[in-house]
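Student: Could we go through this structure together? I would like to begin with the terms.

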Amino acid sequence: MQKENQKPTHRDVVPSVINFLSDELFEGNYKEQPMYLQEIFELLMHTEFGDDINLRQKILSCLRTSRNLAETLSPFSEKQIYKACSSNGKLSQ
């Protein structure tokens, strides 16, 4: 069976999360992302587009997810996260 046709298992989740986190380490300070998003969304809400309830719900959902990720990773330094990702085969030093 080809890999594309196989259904993912729970064992596929952790490597995928590790890949996501390691990719995020190269995109800037992920711990600051909730504040960046909040600033962007606050500015957007003062526009005509921001007066849409569905958009506001999506904005709040994005903020909540971003805050949860930053909060979950906050006890760890970037070096610790990098090391954890490296030890799982995603990153190489």
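Tutor: Buried means under 20% relative accessible area, exposed over 50%, and partly exposed in between, with a 1.4 Å probe and protein chains only as cover. At 13% relative accessibility, Ser-66 therefore counts as buried.

Student: What sort of model is this, and how are residues numbered?

Tutor: This is a predicted model, in which local features need pLDDT of at least 70 and side-chain atom pairs count only at pLDDT 80 or more, while totals for chains, interfaces and linings use all residues. Residues are numbered from 1 along each chain as its sequence is written, and side-chain values use heavy atoms, with hydrogens and water left out.

Student: How many helices and strands does the chain have?

Tutor: The chain has four helices and zero strands, and its pattern along the sequence is α-α-α-α. Helices (H or I, at least four residues) and strands (E, at least two) are DSSP runs, numbered from the N terminus.

Student: Back to Ser-66: where is its place, and what does Ser-66 touch?

Tutor: Ser-66 sits in helix α3. Leaving aside residues up to four places away in sequence, Ser-66 touches Gln-33, Pro-34 and Leu-37. Contact here means heavy atoms within 4.5 Å.

Student: How many residues has α3, and what does it span?

Tutor: Helix α3 (residues 53-73) has 21 residues and reaches 30 Å from its first C-alpha to its last, close to the 30 Å expected at 1.5 Å a residue. The expected span is 1.5 Å times one less than the number of residues.

Student: Which residues of α3 are buried?

Tutor: The buried residues of α3 are Ile-59, Leu-63, Ser-66, Ala-70 and Leu-73. They cover an arc of only 105° around the axis, so they lie on the same side of α3. The arc is that of the directions from the helix axis to the C-beta atoms. On the other side of α3, Ile-53, Thr-65, Glu-71 and Thr-72 are exposed.

Student: Which residue caps the N-terminal end of α3?

Tutor: Asp-52 does, with a side-chain oxygen 2.8 Å from the backbone nitrogen of Asn-54. The side chain of Asp-52 also reaches the backbone nitrogen of Leu-55 at 2.9 Å. Asp-52 lies in the loop between α2 and α3 and is partly exposed, because its relative accessible area is 35%.

Student: What about Met-45: which residues does it touch?

Tutor: Met-45 touches Gly-50, Arg-56 and Ile-59, not counting residues up to four places away in sequence. Met-45 is found in helix α2 (residues 33-45), and a relative accessible area of 23% is why Met-45 counts as partly exposed. The C-alpha atoms of Met-45 and Leu-55, 10 residues apart along the chain, are separated by 9.2 Å.

Student: Turning to α4, which residues are buried there?

Tutor: In helix α4 (residues 78-87), Ile-81, Cys-85 and Ser-86 are buried. They cover an arc of only 135° around the axis, which puts them on the same side of α4. The face turned away from the buried side of α4 carries the exposed residues Lys-79, Lys-83 and Ser-87.

Student: Where is Tyr-82 found?

Tutor: Tyr-82 is also in helix α4. Tyr-82 and Ile-18 are 64 residues apart in sequence and 9.7 Å apart in space, C-alpha to C-alpha.

Student: And the chain as a whole?

Tutor: Buried residues make up 18% of the 93 residues in the chain. Among contacts between residues at least 6 apart in sequence, 69% join residues at least 24 apart.

Notes: Polar contact = N/O pair within 3.5 Å; in protein donor to acceptor, adjacent residues only side chain to side chain.
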